[in-house]
Amino acid sequence: MKSRFFIILLLLAAVLQILQSQSSSKKPLNHDVYDGWKRVSGESISNNGKWVVFTTEPQEGDAQLSIYNVDFKSTELIPRGVNGKITQNSDFVVFSIKPFYADVKKLKIAKKKEDDLPKDSLGIFSLGTRSLTKIPRVKSFKLPEKGSGWVAYQLEKELPDTTKKGKRNIEKKADDMDPADEDTPKKDEKGTTIVLRNLLTNREYTFPFGSEYAFSKNGRRFIVSTTGNDSTIKAGVMTLNTGKGLSDTMTLVADTLLSGKGKYKGVVCDEEGTQAAFVADRDTSKSKQRYYSLYYWSEGKKGAELVADTLTPGLPTKWLISENGRIYFSRNGQRLFFGTAPVPMPEDTTMNDEETAKLDVWNWRDPYLQPQQLKNLDNEKKRSYTAAIQIKKREFVQLATLDMPTVTVGRDGDADVALGVSDMPYRQLVSWDASYRDVYIVDPSTGSAKKVVTKTRGNPTLSPAVQYVAWYAEEDSCWRTYSIRKETIADITANVPYPIFNELNDVPDEPPPYGMMGWTKDDKDVLVYDKHDIWKLDPDGKKQPENVTKGKGRKEQLRFRYVRLDPDEKFINPDAPVLLDEFSMPDKSSGFAALKLGEDKPPKTLVMQPYDYSNPQKADQADKLILTKSNFRECPDLYVTDMSMVPFEKISDVNPQQKEYLWGTVELMTWIAADGKPIEGLLYKPENFDAKKKYPLISYFYERNSDGLHRYIPPAPSASTVNISLFVSRGYVVFVPDIRYQIGYPGKSAYDCVIPGIMKLVGQGFIDSSKIAIQGQSWGGYQVAYLVAHSTMFAAAGSGAPVSNMTSAYGGIRWESGMSRMFQYEHTQSRIGGTLWEKPLLYIENSALFRAPDITTPLLMMHNDADGAVPWYQGIELFTALRRLGKPVWMLTYNGEAHNLAQRKNRKDLSVRMLQFFDHYLMGQPAPVWMTKGIPAIVKGKTRGYELEK
């Protein structure tokens with residue numbers, strides 16, 4: 001017995017030694033690992049559940065398409081394959097094949113033109129024969145949504161023929177351009193070849209100079225428009241009956257619906273493939289104002305019929321058929337919808353650039369501020385208003401109007417009821433309050449409208465059976481319905497005993513709802529969420545609400561939410577089991593549960609683990625699901641399972657290299673905030689953490705992040721914030737506290753939550769109190785600026801895009817949207833809860849700029865000159881104040897970048913500088929040249945200044 005015990009001890013010691021050896025051989029993460037770190041993307045499962053397609057995509061480099069056989073557990077790999085689509089019959093995979101990344105990058109560095117770069121190819125993989133067909137230079141492809149047997153694709157421009165003698169390829173340099181060329185109108189861009197391919201027979205039908213193409217939903221008809229070449233091939237619209245052409249012996253003949261000089265746009269078919277429509281401009285004059293006409297075709301007709309133009313009865317005076325409106329058929333094919341618009345104001349030819357001032361006129365009566373108008377100008381120029389043709393009678397009906405710009409007809413266009421929505425009377429309010437709208441019931445056969453709701457903040461929708469309009473009335477914190485038949489409004493959540501709005505709301509505005517799950521068949525019931533559970537409600541508000549999850553969520557501190565497995569689902573079947581997402585609030589575990597709405601039983605947990613799961617995708621004709629599963633230590637890999645969620649079969653391994661690197665752990669932490677209430681946060685520790693050692697600490701924060709306990713954080717170049725995996729791997733402890741806010745005191749609220757959490761960590765003995773830093777971006781950057789103005793405990797701080805002066809920021813513009821910034825201080829994130837003239841002291845008290853002399857912490861800022869969310873001058877105000885006061889401060893301004901960095905080269909640069917900055921102050925590393933000497937404008941672009949001072 002003693003000898004057996006001794007052997008076990010020896011084995012345990014050996015295992016421990018191996019683990020320690022493996023850990024000691026691991027490397028810390030560095031900036032070189034980013035490009036090769038991969039992710040799963042574009043995953044889908046075949047309708048028969050036998051095939052899974054996904055792309056393994058590096059951050060930078062060549063992707064790989066995987067085609068996985070579920071039965072045989074084998075994989076076909078397609079180098080550089082992306083965007084894989086499985087046909088409806090589960091017999092082919094169609095995808096794009098990218099050119100080699102290195103080749104494209106090399107040519108871009110050499111400043112080659114876009115047309116000279118390598119182009120994508122089309123890949124067609126037969127799942128039956130395992131054969132691969134490649135077609136070069138394909139710019140796009142389409143498959144029928146519900147049909148099979150066909151693929152259509154469009155080729156890139158033909159390469160110039162350089163083999164013919166006597167031809168020279170002469171490029172005009174900018175200096176050699178004739179100034180008159182700038183005023184010469186460019187000829188209309190000609191289309192490129194569109195090909196319709198039979199996947200079973202490989203027979204192809206080619207349409208030269210193609211511009212647009214589409215299948216009917218069932219795949220039984222194909223329609224294409226062409227530009228022609230102004231000589232041998234005419235422009236026009238053609239269609240083929242693809243439902244007849246699947247055999248090897250039948251050759252399809254295209255029907256020409258309309259042809260001749262002109263532009264043809266918006267080609268569509270109805271769902272059954274028996275009708276088609278498009279708009280065309282066939283005016284051969286050179287008039288600047290173009291007028292389009294709507295054409296309609298039905299099976300059996302020889303050509304398309306003009307059904308609407310500027311002379312159509314019912315079209316408003318001085319309106320036209322819009323070339324930009326969406327054209328579509330109702331589901332039953334009895335209505336044709338399209339867009340109309342007012343004729344634009346003609347240009348005044350007497351006004352010229354030499355004599356006409358260029359200015360924006362701001363008028364206090366304008367619905368939107370000038371910057372918002374200018375930001376939306378292109379959309380406004382293309383705005384159209386929904387109209388319809390009753391096909392059988394050829395009757396035109398104008399549905400949307402200038403005063404009611406949005407109209408939606410129920411049941412995918414089939415219903416005799418439409419919903420109209422208008423925000424027109426309330427547009428000014430978005431600058432300082434919120435969005436409001438009026439709601440109308442519209443008769444699709446006449447266009448007549450009746451207002452049924454005035455000035456609600458809700459977003460109304462029609463129920464599936466079109467018996468009700470439903471919306472969440474934020475102004476009264478309740479769900480409401482309007483009965484179309486009874487013409488009555490009901491508060492349907494009045495008797496729900498718990499809040500159906502966000503219980504943690506801490507902004508000075510009405511709380512948002514937890515959401516609506518959906519409707520049961522025939523609009524019998526509507527299902528909504530509270531914080532934990534799901535409630536079944538009578539849409540007339542007369543019956544008592546029923547908790548269909550039987551209170552299990554609130555009792556066990558769980559959260560249940562519906563998982564929609566059928567993207568075409570219109571209503572929820574009360575007799576069929578449904579899948580729920582299940583989340584544990586205490587430990588942040590997640591999983592799935594099964595619930596049958598018609599049974600008096602709580603949800604049955606199927607799986608519950610300390611992981612994050614993606615939304616499952618289900619095979620249409622089989623009990624098979626795919627989803628990703630991950631936590632902080634395990635990257636999101638793809639799994640196959642079924643509705644029982646047992647077992648999980650892992651089918652990808654996208655980052656096997658992770659085991660070569662030091663990683664870390666994460667745990668949920670609780671402490672008492674300054675308001676005396678407990679609050680949560682996340683604590684990330686390095687691998688092989690030793691509580692007897694002293695570690696440097698970085699605290700990153702925004703608002704609430706603790707629910708992301710099991711979130712995987714791949715090492716990646718930073719858009720604005722510290723990459724937690726990188727810093728933990730390199731020996732930092734990272735603390736991510738939640739923040740609970742008091743209206744009017746957002747800065748103090750951050751202080752009251754963050755500082756006590758840090759002090760608790762210091763008290764545990766493993767944090768070096770002289771090596772503590774904080775970092776945040778945007779709202780987090782604001783809070784960092786506030787904290788360094790009120791505390792001297794930090795050795796360094798990083799503040800990205802901070803608001804440093806609320807008094808000047810309040811009246812500014814969010815340039816990415818053109819909106820005034822007032823609303824966010826009065827009602828949303830900035831949480832002051834009043835105007836600058838109502839609460840001036842709160843604006844000053846919450847602004848770091850007014851305490852700049854008290855700041856002693858070395859501060860690294862990033863604020864970009866194209867920031868459209870927080871004005872660049874906010875960073876400048878703080879930087880110039882600290883610079884004048886002789887405080888150590890740096891500001892990184894990436895030219896042309898917005899709020900968060902988009903260009904990868906800039907993200908990589910920020911990652912290097914941020915790590916160097918914190919390494920210097922927290923790890924004792926030498927400072928880089930850009931910190932000690934700066935980078936003068938005269939050497940900008942010639943040196944990075946990364947070199948460390950000796």
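**Notes on the predicted model**

1. Lys-73 sits in the loop that runs between strand 3 (64–69) and strand 4 (74–79); strands here are DSSP runs of E with at least two residues, helices are runs of H or I with at least four, and both are numbered from the N terminus. The phi angle of Lys-73 is near 55°, a positive value in a residue other than glycine. Lys-73 is also exposed, its relative accessible area being 54% (exposed means over 50%, buried under 20%, and partly exposed in between, with a 1.4 Å probe and protein chains only).

2. A word on the ground rules, before you go further. This is a predicted model, in which local features need pLDDT of at least 70 and side-chain atom pairs count only at pLDDT 80 or more, while totals for chains, interfaces and linings use all residues. Residues are numbered from 1 along each chain as its sequence is written, and side-chain values use heavy atoms, with hydrogens and water left out.

3. Arg-130 is another residue to look at for its backbone: phi is near 60°, again positive in a residue other than glycine. Its place is the loop between strand 7 (121–126) and strand 8 (132–135). With a relative accessible area of 39%, Arg-130 counts as partly exposed.

4. Pro-647 belongs to the loop between strand 44 (637–641) and strand 45 (649–650).

5. Now the chain as a whole. Its secondary structure amounts to 14 helices and 55 strands. The radius of gyration is 32 Å, close to the 30 Å of the globule rule for 950 residues, so the chain is as compact as a globular protein of that length (the radius is taken over C-alpha atoms, and the rule is 2.2 Å times the number of residues to the power 0.38). Along the principal axes, the C-alpha atoms fill a box of roughly 90 × 85 × 85 Å.

6. Among contacts with a separation of 6 or more, 55% come from residues 24 or more positions apart; a contact means heavy atoms within 4.5 Å.

7. The aromatic side chains deserve a look too. A search of the whole structure gives 37 aromatic pairs (rings of Phe, Tyr and Trp, the last by its six-membered ring, pair if their centres lie within 6.5 Å; planes under 30 degrees apart are stacked, over 60 edge-to-face, and the rest tilted). One of them, Trp-37 with Trp-663, is stacked, at 5.9 Å centre to centre and 15° between the planes. This pair links distant parts of the chain, 626 residues apart: Trp-37 is in the loop between helix 1 (2–24) and strand 1 (38–45), and Trp-663 is in the loop between strand 45 and strand 46 (665–672). Both Trp-37 and Trp-663 are buried.

8. Tyr-498 and Trp-535 have ring centres 6.5 Å apart and planes at 50°, so this pair is tilted. Tyr-498 lies in the loop between strand 32 (488–491) and strand 33 (516–519) and Trp-535 in strand 35 (residues 534–537), so the pair ties together parts that are 37 residues apart in sequence. Tyr-498 is partly exposed at 37% relative accessibility, whereas Trp-535 is buried at 6%.

9. Finally, ring pairs join Trp-37 and Trp-663 with Phe-632, Tyr-661, Tyr-684 and Tyr-712 in a cluster.
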